[in-house]
Amino acid sequence: MIQAIGLTSNARKERPPTVDDVSFEAAAGRVTALLGARGAGKTTVVRLMLELQQGRGITYFRGRPLHRITHPAREVGVLLGDVPGHPARTVRGQLRMLCSAAGVPVRRADEVLEVVGLVSLRDLRLGTLSRGMDRRLGLACALLADPHTLVLDGPADGLSGRESKWMHGILRAHAAVGGTVLFTTGDPKEAARTADRVVTLDEGRVVADQEVADFARTRLRPRVAVRSPHAARLGVLLSKEARTAKRSVEVVTEDGSRLSVYGSSCADVGETAYRHGILVHQLADETGDAGLVVALTPLADAGPPPGEPDPTVQAPPAPPLEGADTEARPMLDPVRPTSTFVPLVDTAPPSRGAETASVDERAGGTADSPRTASALPGLPPPITVRPAHSPLRPLRYELRRATGIATGYITMALVLAVSALLSVVLARAGHTPQPRLLAAWPRELPLPPAALGAGLLGAFAFGDEFRHPALAADRGTVPRRLGLLAAKLIVGAATAVIMAALVIGCDAALLHLVYGPELTQVPADSLSLSASWFVLVVACAWAGVLASGVFRSTAAGLAAVLAVPIVIVPLVQKALEGPSVRTAAGLPARLRELALLHWPFGAERIVAAGVRMVAQPVGGALMLSLTALLCAYVLTVLRPRAR
């Protein structure tokens, strides 16, 4: 159940708030429509409910506000706009990544793909999806964690009649098994067909909160649609006969050859036209909207009446995607009388097992005007076992995020190619020490290519979260949790170590092939040099991760890595210049003297190499940068909890 209480958006300057004191309820087991014209505040209400926008008021989901729910994705499934995912990620890869984030089994991705009819398209990239495919994938993301509540903003916007019918059938099926469904729409006809309760907004306020029967009776009016080359004459005759018979009949001229007659019937209009010899091209009973509708498009039926069909009935698979999914609805001038008409015509052919119903039946009337409706579609099976919170869950998510796109592989390949080329050029020029030669680190460059590549991959780790916020659909911003940070640091460090080892191996192999074995001999202090090399690359990767997480940008993460040798190192050198009373010379030797036992595997040499690296300007600058960035990140984590 959803309880929205006093939702009010913050006013901008002297303008009134977009949403002002909106309160309503959406009961479990029912479909609730939030209806309003464009600019009425529907999307703002949804964002306030999900705490995606600052304002006043509170929303309870089964008695708890969203920020008090431990796992929001398991309570509320959200569909807002397009699917927020990297365009190069596949459909299945996106869902499997979200499975790891939500802590549900990976097989759940295939189950929801089967429900939304995207199994055959699971290898498509997100950037190539049409409007209909994107809506299906968004619904799959909302259903992924088996939530009790679905909140969808315009789920059928831009869809064809067949796709709209299927979408609302899924929502009806979710409500039939006890779930809560709330969706927004700007079409009163769509709300009357698919919802059990309709909450109407106008200029940010609730103007009506009605059962669908009351809504259909007060907002929708039956009428007779007439098309004739002599429409003007027929309209005058109908008005004259109504005045003579003292009947309340309203005749509206839609255009030059079309009439809408309210308060009459097809039989009366047809008899009048026959008596006066007027040719009629169209004569049909329709249901029109009493207010203004922005879009004029035939809408397919979205499901059977609530509670009538057996919820266990399974429908055929989802309808195939059509080219019409990518076509937008035509927009009409809302001032013209034609905009008040939405024909009740199902443009899609009825599927097997269709039942007979009508809008009048949904509104509590008779079944004289039948319509077609499909049986309830099948939902993915429920998740019977809720896995407990595991420290490996963020790590699994980060591994799927990093390996699901080609960015990391391309970056690593470029680093290897540039490093190999630089090592050959440096060897040909001479006067380069062997450690720098193997690392492809010219003295003119502030950092070697491997360190820059590791910093770039670290910046991507958090920068992509803000650019393509897959985790932010139900939280408002990327969750800055220490567990997620630890997972990114671990994966970033592992990637940096692999890249550093590959750079050394490839450079050594190429130098051996081009110039012979004299340039690839193992130096005497190889262990300490290797430790320094790996620490340098890992520190650059961590600097990219922390900076992109603090500043919410990949560019900021890479800039932080470059700022270490360009800005911070000169500052450190300047601070250390001048005479000093005491120095830390001989610190590595004194550390070895403090060891009571002999460290195995030459660990004292690794510690000494680390100390020497920190004592160097670049190492000291990196340590200073990492400490500052880590403190800033921890402050951003603790700041929301302190409010």
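## The big picture

Accessible area here comes from the Shrake-Rupley method with a 1.4 Å probe. On that basis, this predicted model exposes about 30,800 Å², and carbon and sulfur atoms supply 60% of that area.

What is the protein built from? Its secondary structure comes to 21 helices and 15 strands. Of its 643 residues, 47% are buried.

Most residues other than glycine have a negative phi. Here are two that go the other way.

Start with Glu203, which isn't a glycine and yet has a positive phi of about 55 degrees. You'll find Glu203 in the loop between strand 8 (197-202) and strand 9 (205-211). Is Glu203 buried or exposed? Its relative accessibility is 67%, and the cut-off for exposed is over 50%, so Glu203 counts as exposed.

Next up is Arg552, another residue other than glycine, with a positive phi near 60 degrees. Look for Arg552 in the loop between helix 17 (526-551) and helix 18 (554-576). Arg552 has a relative accessible area of 44%, so it is partly exposed.

## A nonpolar patch on the surface

Which residues form a nonpolar patch on the surface? They are Leu562, Ile566, Val567 and Leu571, and together they have about 350 Å² of accessible area.

Pick out Leu571 from that group: it is found in helix 18. Leu571 counts as exposed because its relative accessible area is 56%.

Conventions. Residues numbered from 1 in each chain as written. Predicted model: local features only at pLDDT ≥ 70, side-chain atom pairs only at ≥ 80, totals over all residues. Heavy atoms only, no water. Helix = DSSP H or I, 4+ residues; strand = E, 2+ residues; numbered from the N terminus. Buried < 20%, exposed > 50% of the residue type's maximum accessible area, 1.4 Å probe, protein only. Patch = residues over 30% accessible without salt bridge, like charges linked within 9 Å, V, L, I, M, F, W, Y side chains within 5 Å. Salt bridge = Lys/Arg side-chain N within 4 Å of Asp/Glu carboxyl O.
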